Amino acid sequence: MNSNQEHADTTHLVLIPSQWRALLVLAAVLIGIPLTLQNDYFLLLFNVMALNGLVVLGLNLLIGSTGQVSLGHAAFFGIGAYLSAIASVTWQWPLLYSFIFSLASVGLVGCLLALPTLRLEGHYLVMATLGFNIIVSILLNQMDDVTGGPSGFPGIPQLSIGSFTIDSDLKFYMFIWSLFLILFALTLNLTDSRLGRALKAIHEKELTAEAMGIPSHRYKVAVFVLSAVYAGVAGFCYAHYVTFISPKTFDIFYSVQVVTMVVVGGMGSLWGGLAGTVLLTSLPEMLHQFEDWYVLIYGLILMGVLVFSPQGLVPAIASLPLFQRKTSGDKKDTGRETEPGRAKDQARHRIWTHAQTTSGNRPDAARAMPVLQLQSVSLSFGGLQALNEVSMNLSAGEIVALIGPNGAGKTTVLNIISGLLKPDRGDVLLKGKSLLGSAPHRIAALGVGRTFQTVQVYQAFSVLENALLGYHTRGGAGFVSAYCHLAGERKEEAHLRELALRLLDDFNLAPKANAPIQQLSLLEQKLLELARALALSPGILLLDEPVGGLNPRESAILVDYLQHLRERGIGTLLVEHDMNVVMRLADRVVVLQHGSRIAAGSPQEVQRDAKVIAAYLGAKK
Amino acid sequence: MSGHLIPQFLVSGITNGSIYALIALGFCLIQNATGIVNFAQGDFVMLGAMIAISLYQAANLPLPAAFVIAIFAVALIGVALQQGPIRHSRNRDILTLVMITVGASITFHGAGMLIWGKNVRTLPALGGDTPVFILGAAILPQTLWILSLSLIVLGSLHLFFHRTLLGKAVRAAADNPFGAVLIGISVRNLVALGFGLSGALGALAGILITPITSMSYEGGLMLGLKGFAGAILGGYGSTLGAVAGGLLLGILESLGAGLISSAYKDAIAFVVLLGILFLRPAGLFGSVQVRRL
């Protein structure tokens, strides 16, 4: 909870994760272990632990950012091990080449598996990866001329760099834990970056993330490949450590074990995953004489933790009152409430002084040409004609209200513009270019901001982080710079933070920047959602019932903010039921009924239109 | 080369396919009632077979009595899984519930190993071992039993869902649980019923297949996955699709094993599963879902 402030202080740190103190403690403990436990058996245990830790780290990244579980990581672990063994023994390749070959293959296979399955809604990934794991197990057992079959693959060379060979448990301990620490630090860096934020956002609300220009499918596939590669690295190290591998190590049960480690430690929490790994890798050692009970115990632990403490043990312990002092301090800081309403007049003066102007649109000049055109758009769901030949234009600096009885197709229009639905016929043009066939995140990046009927803010994020998500498309740093926290990426992050803080200031939310989202009132959440949409520097804004659920006083405040959108040269398409709001804000009104446009014109004209009156009040016969 | 064996492959394909269809139907019932993929479905199959074997061999019960008791026992286990862990989960997130069924599956797996050991067990075939010959294919009486019992079960399930008030209530609750509660249907009890029925279907599948392939504590995993592959093939959630998908998968698998290589028989189901996810995720009879917020 207090991590936001911590982050703010450490945005300037290059290469090093913001949690470097905790990492130093971990490193000190790791150095202490071989000094105190001078017993090869324990070293072996800790080496296995590090290997499991690598797989768990990758799996945690996947679960934390996509919300999908892979039951096939044993297969990636196995592919990494077997391909490197085959390359270095059968083909006599140098170690470096076998390393590159095995990892590239793991990544490729992961990509092929992820591309189709991650596109699907629901939990197909679990089954697809499980099926994949079974196929790999069968192949490892059956292709005995290549893999050695069930009897295994012997004689794999040990790791060596030049003339230095890692030939003892202690040397491997040093090597594997250093590797783990480095990857752990890099992964912490990734989660604490623009990309990490986007990944977490995809997990919580995928479609909302896309509406902010985040390419969710591409990121999910990338993360799946990364997480497979972590398992592949572990497999490579394992093969060259034990020098003999057999298919039994890489069966489904290992996949279940690593998933259990993640679940026990806390899904999506990297430190939790490490704790889960330590706990469950040591467990069999404590239950030495009960080998037959392992499977049952694993099952019971997995089920028990999920039922009683689904967030995992580490986050559960961290949220105990004992560890909560700092958070209550936070609350006190943000407790000085600044009511957005009270600061309204002040807001009027300074609103938009900070916010970026949209591509320099002069309201008057731009008004002439429509930014958004809908041309005879039709869509039917099965037998229901949701939209029938609907056409409309929206110019820069104009507010057009889209009204109609429930089920008239208003939200469907918004969904078609933002690319969530594809019309059967007709076209949607943004600044003269067709949007049809573009993915929602591309449309958002082109400058289509959106808010939703039920407010869509991220519960797992602070107010500032929610605003930062809106600036996703403004940053350009890729995975490599996010992993390494390169200087450029840190600079960009600091810049985005500055922009986001200014944006919050425009909406009087700056004092609550570091507060958890749950402390905001509905009005404040709606303002935040609006601010986030504005962060895209949109040419047009789609607002779905912005004042729904607000009382008249709150609604007046929000309308006040919306008035200013016009001055910024943004074209706004407003779906709204509250006629007072429509009459106050709209330059023009378009009325839909049963998917057809029945009237359009100025608010006054529409109010007098007989068809509109009939649609709302029923016609006299 | 093995062309003349095709009728034989078809027969064994349809036999295995009916078993997959029963398992796929179990997946379907729980999917429709709760929206979760029940990973323990395969373990219902294993439990049904193993309980029946114990009752027959250790308790010396007559075969039909052992079957009926085993089916009821697994139905109760299904209800217990729902009434216990699933209902009491603090997190209603679908992923958490799915993972709970993974945990349950591992638990059944581990318990099965402790109770019945690692040995493969079997049941006597119904109607003896003398095959009947039709079109050059040898058909065991057990195969005929499997086909006729599967048909009877599928038929009565169809009648149940379309002709009885309770069955219609199940369909209503699957379609719109909130609406169902508002008109006085106890969705909670129907979800329990779904798990119970699905346990019973799994147990029946296990009991029927055991005389042919025999069963061990880990035999459920593979059968469960194949049932799932069948359900996906037919269109996940569609009952008709589950039956058709299960049968089709059985036939593809048997033809593939016979004509290509029997060593990779088990891999065929998963190649089909991955292929369907690649090419037509909605399955053969399903419709693509519209994404919603």
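This report walks through the domains, helix packing, sheets and chain contact of a predicted model.

Residues are numbered from 1 along each chain as its sequence is written, while chains are lettered from A and ligands numbered from 1 in the order in which they are written. Because the model is predicted, local features need pLDDT of at least 70 and side-chain atom pairs count only at pLDDT 80 or more, whereas totals for chains, interfaces and linings use all residues.

## Two domains in chain A

Chain A is divided into domain 1 (18-251) and domain 2 (349-457 + 520-617). These bounds come from an automatic or database domain assignment. The domain centres, taken over C-alpha atoms, are separated by 47 Å. Domain 1 of chain A and domain 2 of chain A each give 10 residues to their contact. Here, two residues are in contact if their C-beta atoms, placed from the backbone, lie within 7 Å.

On the side of domain 1 of chain A that touches domain 2 of chain A, helix H10 (residues 206-211) of chain A gives the most, with four residues. Helices (H or I, at least four residues) and strands (E, at least two) are DSSP runs, numbered from the N terminus. By class, that side of domain 1 has five nonpolar, three polar and two charged residues. Ala, Val, Leu, Ile, Met, Phe, Trp, Tyr, Cys and Pro count as nonpolar, Asp, Glu, Lys and Arg as charged, and the others, Gly among them, as polar.

## Helices packing on H11(A)

Helix H3 (residues 40-66) of chain A packs with H11(A) at an angle of about 175 degrees, and their axes are 8 Å apart. That makes H3(A) roughly antiparallel to H11(A). Angles under 35 degrees count as roughly parallel, over 145 as roughly antiparallel, 65 to 115 as roughly perpendicular and the rest as oblique. Axes are lines fitted to C-alpha atoms, for helices over the stretch in contact, and angles run from 0 to 180 degrees between N-to-C directions. Residues of H3(A) in this contact include A:Leu51, A:Val55 and A:Leu62, and those of H11(A) include A:Phe224, A:Tyr230 and A:Tyr241. The contact of H3(A) with H11(A) divides into 17 nonpolar, five polar and one charged residue.

Helix H4 (residues 73-90) of chain A also meets helix H11 (residues 216-242) of chain A. Their axes come within 7 Å and cross at roughly 45 degrees. H4(A) and H11(A) are therefore oblique to each other. Their crossing is right-handed, a term used if the near helix is turned clockwise from the far one by less than a right angle (left-handed if anticlockwise). Among the residues that meet are A:Phe76, A:Phe77 and A:Ile79 in H4(A), with A:Ala228, A:Val233 and A:Phe236 in H11(A). This contact holds 12 nonpolar, seven polar and no charged residues.

## Two open sheets

One open sheet of chain A has four strands in the order E4-E3-E6-E7, with antiparallel pairing. Two strands pair if DSSP finds at least two bridges between them. Strand E4 (384-395) and strand E7 (433-434) of chain A stand at the edges with a single partner strand each, so one side of each has no neighbour in the sheet.

| Pair in chain A | Bridges | Sense |
|---|---|---|
| E3(A) and E4(A) | eight bridges | antiparallel |
| E3(A) and E6(A) | five bridges | antiparallel |
| E6(A) and E7(A) | two bridges | antiparallel |
| E9(A) and E10(A) | five bridges | parallel |

E3(A) and E4(A) form a hairpin with two residues between them. In its turn, A:Gly382 has a positive phi of about 60 degrees. The bridge partner of A:Leu374 in E4(A) is A:Met392. A:Ser378 stands opposite A:Arg425 in E6(A).

The other open sheet has six strands, ordered E8-E9-E10-E5-E11-E12 (chain A), with mixed pairing. Its edges are strand E8 (448-450) and strand E12 (596-601) of chain A. Neighbouring strands of this sheet are turned by 20 degrees against each other on average, direction ignored. H19(A) packs on the sheet, and its direction makes about 145 degrees with that of E9(A).

Helix H19 (residues 410-417) of chain A also lies across E3, E4 and E6 of chain A, running at about 65 degrees to E4(A).

## Where the chains meet

In the chain contact, 37 residues of chain B touch 36 residues of chain A. On the chain B side, H4(B) gives the largest share, 16 residues. That side divides into 25 nonpolar, nine polar and three charged residues.
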